[in-house]
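User: Could you walk me through this structure, one question at a time?

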Amino acid sequence: YTGDYNEKTILRIIENDTQKREKGKLYDYSNIGYYLFSLILNYEIGKDWRDLLNRRIFKPLKMKKTTAYMSKTNKNNFAMPYI
């Protein structure tokens, strides 16, 4: 869930996540749409989704302490989910 994956990893995730549902199960959530969108962005415009967020959203809004890269975060100071 870090978003830090390469094309080979994305293809493996898609293959594993697109299996037939359990019998009787109506819905099964996954992030497959995000993985597919990531591949499409790379193929169509040659950009990583994290770079696009930076260029189109974070920079124009002058969000200097915001990033989509977990590797660039301050490990002691980032948003955590509510529990």
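**A look at helix α1**

Analyst: Happy to! The protein chain has a mean pLDDT (the predictor's confidence in each residue, from 0 to 100) of 80, and 87% of the residues score at least 70. This is a predicted model, where local features need pLDDT of at least 70 and side-chain atom pairs count only at pLDDT 80 or more, while totals for chains, interfaces and linings use all residues. Residues are numbered from 1 along each chain as its sequence is written, and side-chain values use heavy atoms, leaving out hydrogens and water.

User: In the protein chain, where is confidence highest?

Analyst: Helices here are DSSP runs (H or I, at least four residues), numbered from the N terminus. Confidence is lowest in α1, with a mean of 79. It is highest, at 92, in helix α3 (residues 49–58).

User: Is I10 buried or exposed?

Analyst: I10 sits in helix α1 (residues 7–17). Buried means under 20% relative accessible area, exposed over 50%, and partly exposed in between (1.4 Å probe, protein chains only). Because its relative accessibility is 1%, I10 counts as buried.

User: Which helix do the buried residues of α1 pack against?

Analyst: I10, I13 and I14 are buried in α1. They lie on the same side of α1 because they cover an arc of only 100° around the axis, taken from the directions from the helix axis to the C-beta atoms. The face turned away from that buried side carries the exposed residues K8 and E15. Contact means heavy atoms within 4.5 Å, and the buried residues pack against α2 (32–45).

Technical notes: Helices (H or I, at least four residues) and strands (E, at least two) are DSSP runs, numbered from the N terminus.
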